[in-house]
Amino acid sequence: MVKIQIPEAAEKIMEQLNVHGFEAYAVGGCIRDSLLGREPEDWDITTSAKPEQVKEIFSRTVDTGIQHGTVTVLIDRSGYEVTTYRIDGEYEDGRHPKSVEFTGNLLEDLKRRDFTINAMAYSGREGLVDAFDGRADLELGIVRCVGNAVDRFTEDALRILRAIRFCAQLGFHMERETEQAISAIAPNLAKVSKERIQVELTKLLLSAHPELVKNVYENGIGPFISERFEWAGKRMEEVESVRFLPPRKHMRWAGFLRMEDPGDAAAILRDLKMDNETVDGVSTLAGLWKRPIPAHKPAIRKVMSSLSEGLFDDLLCFQEVFCRGEYMEQLREVKQYSEEIRRDKDCIRLKDMAVTGRELIAAGRKPGPELGALLNNLFEEVLKCPEYNDREYLMELAKKL
Ligand code: ATP
Ligand code: MG
């Protein structure tokens, strides 16, 4: 019999439900990951208890998605999603089920799930419930729809991207019928919300095989994500090395979109409702990575001054992955120099200059745009030579500028 180690708190929740006469299982991603020997991100529980009954049993709960049957049970500082067995009603425009119906039958609940590897449940009492041979597919390394693939993708087209994403995360292949259905149903993705699409694409790019973003284009999905996204596919270059970037959102997206000009990269991401911080990081990297940084401290300080500390390091890492040839030696020097700049605490921020606007005003300068320009000129001098960052010297210099 398969034995899965369930965290104590989740085990307790299931026991409590059992004590009150309900069935309860850990289900979905946590079972898949446990069987693969991977650390599950969270433990979802499925139960025959209705949401109100779950709320009666546990003292601390949050109505997370009560209309879909989900209540979060809080134990210590962690939350566990407890969802009532349900049958999804008809899907509205391939978006969300119009209605959900609760059921007392675990098998009905497992049937509504997307892939065989995600449709297994487990409890210490009952062991593994694997009605669709998910375990065999895990061993074969296959992503296969539960039931008829065309029907399942028609119900919810996001599953198309989920299928590719699971292949990328787990290093799996698509089962044939599932793969064929993907191209056929791809147009339905036009009806899926951009945020949901973005979340899946991000997970794909953050996975062990970000290069599988190629599959999105090869299956004809690109135009149904957005027109700009489709164009990006045509310009996309070698994606194999994207996996050498650290798995951080802005880095991986920038790796994928690096041939775009920064404005287009930003527009693609905005279409997908990406957060501003990521959009900024991606467009900055896309704009800068092709420009060699001179192995010369003043020029390096200048680049450093224009970026946050983290983003400068990201830029060097990005160039290490994507630049080739003679520049590599130069890049090593740039890195060495930038470490010295940090070690010596050279002034690379306007705010760290030895004179302030206020001091210049006290010395008789008028406030306004000219003062800003003067400060910038002084800063330029300091970037050239950190020894100039001396109050007296800069006040003297200011008189001449
Ligand atoms: P991860 O958390 O790594 O993204 P997961 O498998 O846990 O993977 P979730 O999105 O957290 O994925 O969903 C939990 C479970 O709910 C899945 O394992 C699957 O059984 C079911 N599920 C999620 N989304 C869908 C969907 N669009 N269609 C059908 N079933 C789904
Ligand atoms: Mg999950």
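Colleague: How do the residues of the shell around ligand 1 divide into nonpolar, polar and charged?
Modeller: The shell holds one nonpolar, three polar and 10 charged residues. Here Ala, Val, Leu, Ile, Met, Phe, Trp, Tyr, Cys and Pro count as nonpolar, Asp, Glu, Lys and Arg as charged, and the others, Gly among them, as polar. Please note that this is a predicted model, in which local features need pLDDT of at least 70 and side-chain atom pairs count only at pLDDT 80 or more, while totals for chains, interfaces and linings use all residues. Residues are numbered from 1 along each chain as its sequence is written, chains are lettered from A and ligands numbered from 1 in the order in which they are written, and side-chain values use heavy atoms, with hydrogens and water left out.

Colleague: Which residues come nearest to ligand 1?
Modeller: Arg32, Asn118, Asp156, Arg159 and Lys203 come nearest, out of 14 residues around ligand 1. A residue counts as near if one of its heavy atoms lies within 4 Å of the molecule.

Colleague: And which helix gives the most to that shell?
Modeller: Helix H7 does, with four residues. Both H2 (29–36) and H7 (158–170) supply at least two residues each. Helices (H or I, at least four residues) and strands (E, at least two) are DSSP runs, numbered from the N terminus.

Colleague: How far is the polar side-chain atom of arginine 159 from a nitrogen atom of ligand 1?
Modeller: The distance is 2.7 Å. For oxygen atoms of ligand 1, the side chain of arginine 162 has an N or O atom at 3.1 Å, and arginine 165 has a polar side-chain atom at 3.0 Å. Taken alone, ligand 1 exposes 580 Å², of which the protein buries 80%; these accessible areas come from the Shrake-Rupley method with a 1.4 Å probe.

Colleague: Changing topic, how many helices and strands does the chain have?
Modeller: The chain has 21 helices and 11 strands. Its C-alpha atoms fill a box of roughly 85 × 50 × 40 Å along the principal axes.

Colleague: Which residues have a positive phi without being a glycine?
Modeller: Aspartate 133 is one, with a phi of about 60°, and lysine 345 is another, at about 55°. Most residues other than glycine have a negative phi.

Colleague: Where are these two, aspartate 133 and lysine 345?
Modeller: Aspartate 133 belongs to the loop between strand E9 (127–129) and helix H5 (134–140). Lysine 345 lies in the loop between helix H18 (327–343) and helix H19 (357–362).

Key:
Polar contact = N/O pair within 3.5 Å; in protein donor to acceptor, adjacent residues only side chain to side chain.
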